[in-house]
Amino acid sequence: GSCVAQTMIKILGIENFLEEGKFVRFSARDIYSQRENFPGVGMWTQNGADIAYRKGSTLEQLMTSEKKDEASMNDQSDRKTIDQQIALVGKAGNYISLGLKDMDLVASIVASGKAVTLGVNLGNGDWATGEVKTRPDGIAGHLVAIVDVCLWKGRKAYVFDNSWGTGWGFGGQGVLTEDNLQ
């Protein structure tokens, strides 16, 4: 259920790399365990962005989150004052929300050095393939980090990193083409 927090830490790492030339591994658990709907499963995108913007996230080595199950991701007992202070150093810049159907606009944002996320609703069977479709009636909401905009089989496409890791899609990346945006 932590895809929003996983995507937010990817965005924080990208922002830090663009600003300082150093990709920092932040803790998804630090963000996820502070969500508004705690201890419910999953997280709203707006809530994750707000935590990343106002509070940031501590370092992964201080509050590990890789390969953790839901119960472990909810554990915030090891969050200390030092974690809160470190999180402030790498917190996100301000953010905006916009419709992602304008691929030229998103391409210009990515080219300008800004990080972009994409919320998608997927259906059964869409999870195991690299090329995905969004579905208005999708059974599962998911958030990913857009890392490039390209032509895919002659169609404009977003290339994204998936927070589920390298066992998914094309080594952890997926493609969403313009004609698959719903």
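Colleague: So contact means heavy atoms within 4.5 Å. Counting contacts in the protein chain with a separation of 6 or more, what share comes from residues 24 or more positions apart?

Modeller: That share is 59%. Keep in mind that this is a predicted model.

Colleague: Noted. How many helices and strands does the protein chain have?

Modeller: Six helices and five strands. Along the sequence the pattern reads α-α-α-α-α-α-β-β-β-β-β.

Colleague: And what percentage of the 182 residues is buried?

Modeller: 43% of them. The accessible surface of the chain is about 9,500 Å², and carbon and sulfur atoms hold 52% of that.

Colleague: Let's go to H1. How does its end-to-end span compare with what it should be?

Modeller: It agrees: H1 runs over residues 3–20, and at 1.5 Å a residue its 18 residues should span 26 Å, while the end C-alpha atoms are 25 Å apart.

Colleague: Which residues of H1 are buried?

Modeller: Cys3, Val4, Ala5, Thr7, Met8, Ile9, Ile11, Leu12, Gly13, Ile14, Glu15 and Asn16.

Colleague: What follows H1?

Modeller: Gly21, with a positive phi near 75°.

Colleague: Which residues have a positive phi although they are not glycine?

Modeller: Lys67, at about 60°, is one of them, and Lys153, at about 55°, is another. Most residues other than glycine have a negative phi.

Colleague: Where are those two lysines?

Modeller: In loops. Lys67 lies between H3 and helix H4 (70–74), and Lys153 lies between strand S3 (140–152) and S4.

Colleague: Why do they count as exposed?

Modeller: Because exposed means over 50% relative accessible area, and Lys67 has 85% while Lys153 has 66%.

Colleague: While we're on backbone geometry, which peptide bond is cis?

Modeller: The one from Phe38 to Pro39, with omega near 5°. Most peptide bonds are trans. Pro39 is in the loop between helix H2 (28–32) and H3.

Colleague: Next stop, H3. Which side chain makes a polar contact with that of Asp50?

Modeller: The side chain of Arg54, at 2.7 Å. Asp50 is in helix H3, residues 45–54.

Colleague: That pairing is four places along. What's the general point about helices?

Modeller: An α-helix has 3.6 residues a turn, so residues three or four places apart point the same way.

Colleague: And what does Asp50 touch beyond its neighbours within four places in sequence?

Modeller: Asp50 is in contact with Lys55 and Tyr95.

Colleague: Now the strands. Where is Asp161, and is it buried or exposed?

Modeller: Asp161 is in strand S4, residues 155–161. Its relative accessibility is 17%, so Asp161 counts as buried.

Colleague: What is the polar partner of its side chain?

Modeller: Lys10: the contact between the Asp161 and Lys10 side chains is 2.5 Å.

Colleague: Last one, Thr117. Which strand holds it?

Modeller: S1, residues 116–122. With 24% relative accessibility, Thr117 counts as partly exposed. Thr117 and Leu143 are 26 residues apart in sequence, yet their C-alpha atoms are 6.8 Å apart in space.

Technical notes: Residues are numbered from 1 along each chain as its sequence is written. This is a predicted model: local features need pLDDT of at least 70, side-chain atom pairs count only at pLDDT 80 or more; totals for chains, interfaces and linings use all residues. Side-chain values use heavy atoms; hydrogens and water are left out. Helices (H or I, at least four residues) and strands (E, at least two) are DSSP runs, numbered from the N terminus. The expected span of a helix is 1.5 Å times one less than its number of residues. Buried means under 20% relative accessible area, exposed over 50%, partly exposed in between (1.4 Å probe, protein chains only). A polar contact is a pair of N or O atoms within 3.5 Å; within protein, one must be able to donate a hydrogen and the other to accept it, and residues adjacent in sequence count only if both atoms are side-chain atoms. Accessible areas come from the Shrake-Rupley method with a 1.4 Å probe; for residues, only the protein chains shown count as cover.
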